Structure formats: structure tokens, C-alpha cells
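These are my notebook entries on one protein model. I set down what I looked up, entry by entry.

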Amino acid sequence: MLRLLAIFIVFFLPATLFGQDFDIYVSDAGNFDNPPWQILKFDQNGENPEVFINQNLAWPQDILFLEGSNTVLVSNFNTNRISRYNAETGAFIDEFATDIAAPTRMKIGADGLLYVLQWKGNGKVRRYQLDGTYLGEFTSVGVPQSIGLDWDSAGNLYVSSYNGDSVRKFDSAGADLGMFINTNLLGPTNIWFDTNHDLLVSDYDGGAIKRFDSTGAYLGNYIQGVGQTEGFAYLPNGNLLIGNGATSAVKMYDGSGVFIRDLIASGAGNLKTPNAVVIRTRGSGFQINSGLNDAWSNRDTRGQGFFVNVFPNIGKIFLGWFTYDTERPQASVPSMLGEPGHRWLTAFGDYSGNGAVLDIEFTQGGIFDAAIPAPTQGPDGTITLEFSSCTEATVTYDITSVNRQGVIPIRRIALDNVALCESLAAQAR
């Protein structure tokens with residue numbers, strides 16, 4: 001029995017260690033302001049490294065996936081840009097934002113907007129919509145060499161300064177509230193609040209992850225024995241990953257800060273200097289959200305289209321399809337309102353992930369703006385609705401009454417709600 005148990009642990013535990021499939025992405029700063037630079041991808045066991053991105057990089061810093069548009073952002077220190085890539089293939093798309101004074105960390109706030117730190121320049125935190133629209137400077141004062149940010153439960157923003165050995169506090173509107181921490185630090189990088197509302201600080205030159213309470217009082221070391229620590233992520237089981245530049249590895253700790261092992265071994269995938277660590281659930285893709293509520297159409301069939309309404313509280317989608325009959329009616333067919341060829345269908349049903357299978361309902365027998373005679377409604381096939389992003393989807397239909405099946409690619413008619421959709425998709429992660 002013990003032998004069988006040992007075999008089970010050796011051969012089966014690694015694959016099920018975390019209970020779900022995900023990948024680990026690591027930004028490799030290489031030789032800092034000199035290449036090689038790369039974004040590496042590892043499996044959930046920290047193995048099977050592959051180069052995910054190695055183009056259009058210049059001292060890469062942070063990694064941020066935007067599931068709503070199936071893209072990933074990388075901040076590039078040397079070129080003052082945030083570059084945009086395909087989230088699945090890593091292929092370069094374009095520049096998301098430019099003219100940033102050496103961008104470091106990026107994080108999406110509770111308002112669904114992107115906050116970006118600047119190492120150089122005036123050091124003020126910048127804010128962007130998730131489509132790249134620049135909204136201006138958020139903080140009233142700058143933080144020199146800023147490289148870590150997070151919010152407390154009250155919405156106050158905290159920003160670390162590497163050369164200032166400090167953490168500065170701002171209110172929810174960006175007004176300066178002064179120094180939160182200015183002792184016991186020797187080059188802070190990442191900062192984040194834990195479940196106890198304590199602030200954890202990666203002390204790059206101090207060789208530790210340090211803990212401070214909600215007033216900024218120093219509580220001691222949370223993790224010791226690290227060097228050039230930058231980049232962190234929590235695994236689904238609660239274990240903490242920490243980038244350790246001194247050994248070119250990513251270390252794993254339990255929830256109490258006890259070292260477990262190097263999840264990503266020293267130099268794996270030619271890793272030199274980890275400075276961002278990101279977890280992405282494998283195959284998670286785009287998730288339907290209420291930011292999809294809009295008018296949609298196929299550009300090849302003008303004068304036809306769809307209205308989509310997502311109801312997240314009940315997990316349902318309502319779809320209205322405005323189209324024409326399968327054949328044009330005779331010119332002699334009478335019509336008083338509209339024209340005889342007009343047709344409309346509705347569909348309703350559950351959604352999950354990025355898709356929904358909806359029951360088509362055919363309504364007939366009514367009169368314009370009248371309760372009597374009461375119309376009748378009955379089933380007439382199915383529609384499968386699948387979204388690939390906040391701007392693109394596919395309608396697959398099977399209409400029973402006319403025995404017609406087909407696939408229609410659709411896009412938003414207007415882009416006003418894309419930013420909302422992107423922010424909701426990001427929050428869903």
C-alpha cells in the first residue's frame with residue numbers, strides 16, 4: 001500500500017498540484033539596459049520554458065493581460081513605451097502608449113482604468129483607458145524611481161520609490177497624503193496588501209520581503225534570504241511566487257512565508273533577471289460581461305443587425321435579430337408600417353465563459369402598439385453566440401421553420417462601450 005502511495009505521489013501529484021491549469025509568465029530584464037530581453041512562459045510546474053515574446057522589447061518591466069481584447073501589454077523602460085501583443089501567440093501588434101518616462105509597473109484600478117508608474121520624468125502616476133486612450137496624470141506629486149503600486153481597502157493608492165527607500169500614499173483622487181513608510185527599506189520594488197491588510201514590500205537591496213501594518217509601522221521580515229527581489233504572484237493554492245534576480249530563479253513560499261522550493265529553477269529558459277511574474281489560467285480566454293451590451297452587425301449585410309443584452313446577475317443573454325425574409329416578397333404585397341420583407345427574431349438563454357446557446361423565439365399575431373390581439377410566441381431553433389473579444393463575435397444559427405443554418409461574423413457598430421467591456425474583462429481575472 002505504501003509503495004502504491006509513493007508511486008501516486010511521484011507520478012500524479014505534479015500534474016494536479018494546483019487543481020487547475022495555468023501558465024506562468026516571467027519578464028526577463030536580462031542585462032538590464034542591455035539585451036538579451038525576453039518574456040518567458042512556463043507551465044504550472046515551472047517547467048517546459050518557451051520564449052513567448054522576444055521582439056520589440058527594450059528592458060521589459062511589467063506584464064498585463066487584457067482578456068477582453070485577447071492582448072497582453074509589456075512596459076518597456078528604454079523606449080518609454082507600453083507595447084501590445086497577441087495574448088495567445090505573443091506576436092507584436094502595436095504600441096499601446098508612448099512618451100512615458102521609463103514605465104515600470106502597470107495595474108488596473110477598481111475604476112477599470114490602467115495606472116502606470118514612471119521611473120523618470122516628473123514621476124507622476126499616469127492613467128489610461130484600456131484601449132490606450134491617455135487620461136492624464138493622476139497623482140498630484142511625483143514619486144522618483146517609482147516601481148511598486150497597490151490600493152488599500154479604502155481606495156488609497158500607495159507607490160514605492162526605489163532610490164527614496166520609501167512608500168508614498170495618495171487618496172482615491174490622487175491627492176498627496178505624504179510618506180507612508182520612510183524607514184527600514186533599502187530599495188523597495190513591488191508592494192501589495194495581503195489579506196490581513198498589512199503592506200508587503202519587496203526590498204531589492206535589503207534581501208527580504210518586509211511587512212508593515214495599516215499605519216505604516218514596521219512589523220519585521222515576512223520572507224528572508226532573497227536577493228534582488230522583483231516580481232510576485234499568488235498561485236491558485238495560495239502559495240507565493242517571488243522573482244529572485246540574485247539567483248536567476250523564481251522562488252515559491254507558503255502562505256506563512258516559509259520557503260518551499262525554486263518553482264522555476266535558476267537559469268531555466270536562459271532566465272537572467274526576473275522582474276515580473278504573472279499567472280494566467282490556461283484556456284481562460286474572453287469572459288462574457290455586461291460591457292457587451294450594444295448593437296452588433298455583419299458589415300457585409302447592411303441594414304441588418306443584432307442587439308445584445310447581458311444580464312450577469314442571472315447569467316442570461318437576450319438577443320434581438322433584425323433581418324429580412326429569405327426571399328424578397330412580391331412588389332404587390334401590402335404593408336402599412338415598414339415593408340413586407342422586414343423580419344425580427346429574439347433569442348434568450350444561459351451563457352458561460354465566452355459563449356451562449358440561446359433558444360430562438362418567433363413572435364407573431366400582434367398589431368402595432370396594441371395589446372389586443374395578444375401575440376403568440378413559440379420556439380424556432382437555436383443560436384450559438386461566441387465572443388472572441390470585446391469587439392468581435394460569431395453567430396451560428398439553426399432556424400427550424402425554414403431549415404436554414406449558417407455562421408455570421410459580427411462586430412460592434414459603435415466603440416463607446418469597449419473600454420467598459422475591457423475593464424470588466426480585466427476585473428474578472
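**Entry 1. Overall fold**

Among contacts in the protein chain between residues at least 6 apart in sequence, what percentage join residues at least 24 apart? I find 42%, where a contact means heavy atoms within 4.5 Å.

I note that this is a predicted model, in which local features need pLDDT of at least 70 and side-chain atom pairs count only at pLDDT 80 or more, while totals for chains, interfaces and linings use all residues. Residues are numbered from 1 along each chain as its sequence is written, and side-chain values use heavy atoms, with hydrogens and water left out.

I looked up the secondary structure and found 2 helices and 32 strands in the protein chain. Helices (H or I, at least four residues) and strands (E, at least two) are DSSP runs, numbered from the N terminus. The C-alpha trace spans about 85 × 65 × 40 Å along its principal axes. Of the 429 residues in the protein chain, 49% are buried. Here buried means under 20% relative accessible area, exposed over 50%, and partly exposed in between, with a 1.4 Å probe and protein chains only.

**Entry 2. Confidence**

I checked pLDDT, the predictor's confidence in each residue, from 0 to 100. The chain has a mean of 91, and 94% of its residues reach 70 or more. Over residues 1-18, pLDDT stays under 50, and the model has 14 contacts for this stretch beyond four places in sequence. Where pLDDT is low, the predicted coordinates should not be read in detail.

**Entry 3. The disulfide**

Cys-390 and Cys-421 form it, with their sulfur atoms 2.1 Å apart. The link is left-handed, at -85° about the S-S bond. Cys-390 is buried at a relative accessible area of 1%, and Cys-421 is buried at 0%.

I then looked along α2. Its buried residues include Val-418, Cys-421, Glu-422 and Ala-425. Among the elements that cover the buried residues of α2 are β4, β8 (103-108) and β32.

**Entry 4. Nonpolar cores**

I took a nonpolar core as a set of buried Ala, Val, Leu, Ile, Met, Phe, Trp, Tyr and Cys residues joined through side-chain atoms within 4.5 Å. The largest has 29 residues, of which Ile-317, Leu-319, Trp-321 and Phe-387 touch the most other members. Elements that each supply at least two residues include β26 (305-311), β27 (316-324), β30 and α2. The largest share, 4 residues, comes from β31. Residues that Phe-387 touches, beyond four places in sequence, include Phe-286, Ile-288, Trp-296 and Asn-354. A second, separate core of 21 residues includes Ala-29, Trp-37, Ala-87 and Ala-102.

**Entry 5. Aromatic pairs**

My search of the whole structure gave 22 aromatic pairs. Rings of Phe, Tyr and Trp (its six-membered ring) pair if their centres lie within 6.5 Å; planes under 30 degrees apart count as stacked, over 60 as edge-to-face and the rest as tilted.

Why is the pair of Phe-32 and Trp-59 edge-to-face? The ring centres are 6.0 Å apart and the planes stand at 70°, so the pair is given that label. Phe-32 sits in the loop between β1 (22-28) and β2 (38-43), and Trp-59 in the loop between β3 (50-53) and β4 (60-66), 27 residues apart. Phe-32 is partly exposed at 34% relative accessibility, whereas Trp-59 is buried at 18%. Ring pairs join Phe-32 and Trp-59 with Phe-77, Trp-119, Tyr-162 and Tyr-204 in a cluster.

**Entry 6. Two single residues**

Is Ser-401 buried or exposed? Ser-401 is exposed, with a relative accessible area of 55%, and is found in the loop between β31 and β32. Its side chain makes a polar contact with the side chain of Asp-380 at 2.8 Å. A polar contact is a pair of N or O atoms within 3.5 Å; within protein, one must be able to donate a hydrogen and the other to accept it, and residues adjacent in sequence count only if both atoms are side-chain atoms.

I also looked up Lys-41, found in strand β2. Lys-41 counts as buried, at 17% relative accessibility. Leaving aside neighbours within four places in sequence, the contacts of Lys-41 include Asp-23, Tyr-25, Glu-50 and Phe-52.

Technical notes
A disulfide is a pair of cysteine sulfur atoms within 2.5 Å.
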